[in-house]
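Hello,

Here is the structure I promised to pass on to you. Have a look at it first, and my notes follow below.

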Amino acid sequence: MALGLGVETPETACDDSNCPFHGTLSVRGQTLDGVVASTEMDRSVIVEREYDVNVPKYDRHMKRRSRVPAHAPDCLDLDVGDTVRIAETRPLSKTKAHVVVTTIETTRQLASEQVTEPATDSSEAVMGDATEGTAGTRSPEGEGNAASRGTVDPEAETGGESA
Ligand SMILES: [Zn+2]
């Protein structure tokens, strides 16, 4: 099921009825990006977001963090430290009203992805083709996500408002 969020359906299927991709759960409302702080619970994660709050009296800003419980469908493999996007949904429990829809960044994947080929000046034409090829295969996902979502970095947003 397409969510209209510009996120890809996970490759692995699941039979979680509260999965937005393979179940009947519908998402609406806001989406948030945050870091997974806990995966202790069954099919639930804590997503933590840290932001700065201006304190006019002392002309400083202080760090605040919010912890949002979110449903973790079976098809998404999440770990502490992952940056994920969560979408608002109907209340799933006393505290849960969000569901994880995609992983934006994982340290696990980054470790395997960072196999950058060393540059060789043997042939510029081949080099150019190679770099174009990788750029062509990689960039559409990232750019497409950024463009279609039109999201602003939350921290940049708060900075703009407070300034
Ligand atoms: Zn699923």
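Which residue in β3 does Val55 stand opposite? Val55 faces Arg60 there.

Before the rest, two notes on how to read this. Numbering starts from 1 along each chain as its sequence is written. The model is predicted, so local features need pLDDT of at least 70 and side-chain atom pairs count only at pLDDT 80 or more, while totals for chains, interfaces and linings use all residues.

On confidence: pLDDT is the predictor's confidence in each residue, from 0 to 100. The protein averages 79, and 65% of the residues score at least 70. Please be careful with residues 144-148, where pLDDT stays under 50. For that stretch the model has 3 contacts beyond four places in sequence, a contact being two residues whose C-beta atoms, placed from the backbone, lie within 7 Å.

Now the overall layout. The protein has 3 helices and 5 strands, in the order β-β-β-β-β-α-α-α along the sequence. Helices (H or I, at least four residues) and strands (E, at least two) are DSSP runs, numbered from the N terminus. Among contacts between residues at least 6 apart in sequence, 59% join residues at least 24 apart.

Back to the strands of the opening question. β2 and β3 (residues 60-71) pair in the antiparallel sense over 12 bridges; strands pair if DSSP finds at least two bridges between them. The two form a hairpin with 4 residues between them. Asp59 sits in that turn and has a positive phi of about 55 degrees, although Asp59 is not a glycine.

Is Asp59 buried or exposed? Asp59 counts as exposed because it has 7 C-beta neighbours inside 10 Å. The cut-offs are these: buried means 20 or more other C-beta atoms within 10 Å of a residue's own, exposed means 12 or fewer, and partly exposed is in between, with C-beta atoms placed from the backbone. By that rule, buried residues make up 17% of the 163 residues in the protein.

Arg43 is another non-glycine residue with a positive phi, of about 60 degrees. Arg43 lies in the loop between β1 and β2 and counts as partly exposed, because it has 14 C-beta neighbours inside 10 Å. In the loop between β4 and β5 you will find Arg90, which is partly exposed because it has 13 C-beta neighbours inside 10 Å.

Next, the largest nonpolar core, which has 17 residues. Such a core is a set of buried Ala, Val, Leu, Ile, Met, Phe, Trp, Tyr and Cys residues joined through C-beta atoms within 7 Å. Val45, Val47, Ala70, Ile86, Val99, Val100 and Val101 touch the most other members. At least two residues of this core come from each of β1 (27-38), β2 (44-55), β4 (83-89) and β5 (98-105).

Two of these core residues deserve a look. Val99, in strand β5, is buried because 28 other C-beta atoms lie within 10 Å. Leaving aside neighbours within four places in sequence, the contacts of Val99 include Pro20, Leu25, Ala70 and Ile86. Val99 and Asn18 are 81 residues apart in sequence and 8.6 Å apart in space, C-alpha to C-alpha. Val101, not counting residues up to four places away, touches Leu3, Leu5, Val7, Pro20, Val27, Arg85, Ile86 and Ala87.
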